[in-house]
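The following exercises are intended for a reader who is new to this structure. Each sets a task and then works through a solution step by step.

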Amino acid sequence: MRVPNSVVLPVGTHVDCCREEEVEEKRRDIMAKITAMLAERKSNLAHFINNLEGSEEPEFYVDQWERLKEMENCTLTILKLVAVNCMDHRDIKKLEDTILEHVKNEELFPEVVRVLPPIYRQVEVAIVDIAQSEEMADHGMMDLQYLLSKLSQCKHLANLGRELLQDILRYLHRIGLVVWYEEIKHLESTVFLQPTFLITMFKLLVRYRLVQQLESIS
């Protein structure tokens, strides 16, 4: 809701726990709640803005007013919910195909036609090679400066600088090839070349019916 021109694809899981008629009913219910939530947000923002504009000393609230106006101008596109059974590989493939279909839609993502410099592709290929090399640890974690030194050993990347690498890592993070939490101070110098390792770790910590599992332990 705070990112300009956001596109959101709601995904409903655990379809295998529902009857077929329930799935469509739940889909309609979720989409209706999302629509109501967005309408309430729009109304609340308008209310807050009007309050600031009608205050006795509006000049004291200029910063707040500007932030609220920015949020008011953030458009949010909600796509049709996709219901999947995570236990069925065919459903995962269906979700993947749906995501790719939307991403290729130039009306939703105008930047999809943007041409990247060749060095982006070169760094991407080199990072994949490093991640798949035998010397790479299973966790796939690598220090940013060390990654730069490894990439610089490639003949065509000898002049790769840190700032350009960071720009490329932001792109690779967005497309999901790597994970780089540059906004988190303790992780800004660490690049995860194996995002699947993080997924495995999260699965150990965030689990379905976790509370019930913990309560069952004497």
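**Exercise 1.** Determine whether Asp88 is buried or exposed, and locate Asp88 in the chain.

*Solution.* The model is a predicted one. Asp88 has a relative accessibility of 19%. The limit for a buried residue is under 20%, and Asp88 therefore counts as buried. As to its location, Asp88 belongs to the loop between β4 (82–83) and α3 (89–103). A polar atom of the Asp88 side chain lies 2.9 Å from the backbone nitrogen of Arg90.

**Exercise 2.** Describe the surroundings of Ala83.

*Solution.* Begin with the position: Ala83 is part of strand β4. Next, consider accessibility: with a relative accessible area of 13%, Ala83 is buried. Then list the contacts, setting aside neighbours within four places in sequence: Ala83 touches Gly12, Val15, Val23, Arg27, Asp91 and Lys94. Finally, take a separation: Phe109 is 26 residues from Ala83 along the chain, and their C-alpha atoms are 23 Å apart.

**Exercise 3.** State how many aromatic pairs the model contains, and characterise each of them.

*Solution.* A pair of aromatic rings is described by the distance of the centres and the angle of the planes. Ring centres must lie within 6.5 Å, and planes over 60 degrees apart count as edge-to-face. By this rule there are 2 aromatic pairs.

Step one concerns Tyr120 and Tyr171, whose centres are 5.7 Å apart and whose planes make an angle of 65 degrees, an edge-to-face arrangement. This pair joins distant parts of the chain, since Tyr120 sits in helix α4 (residues 118–132) and Tyr171 in helix α6 (residues 162–174), 51 residues apart. Both Tyr120 and Tyr171 are buried.

Step two concerns Tyr181 and Phe192, which are also edge-to-face, with 6.2 Å from centre to centre and 70 degrees between the planes. Tyr181 lies in the loop between α6 and β6 (190–192) and Phe192 in strand β6, so the pair ties together parts 11 residues apart in sequence.

Step three compares accessibility within the second pair: Tyr181, at 22%, counts as partly exposed, whereas Phe192, at 6%, counts as buried.

Note on methods:
Residues are numbered from 1 along each chain as its sequence is written. This is a predicted model: local features need pLDDT of at least 70, side-chain atom pairs count only at pLDDT 80 or more; totals for chains, interfaces and linings use all residues. Side-chain values use heavy atoms; hydrogens and water are left out. Rings of Phe, Tyr and Trp (its six-membered ring) pair if their centres lie within 6.5 Å; planes under 30 degrees apart count as stacked, over 60 as edge-to-face and the rest as tilted. Helices (H or I, at least four residues) and strands (E, at least two) are DSSP runs, numbered from the N terminus. Buried means under 20% relative accessible area, exposed over 50%, partly exposed in between (1.4 Å probe, protein chains only). A polar contact is a pair of N or O atoms within 3.5 Å; within protein, one must be able to donate a hydrogen and the other to accept it, and residues adjacent in sequence count only if both atoms are side-chain atoms. Contact means heavy atoms within 4.5 Å.
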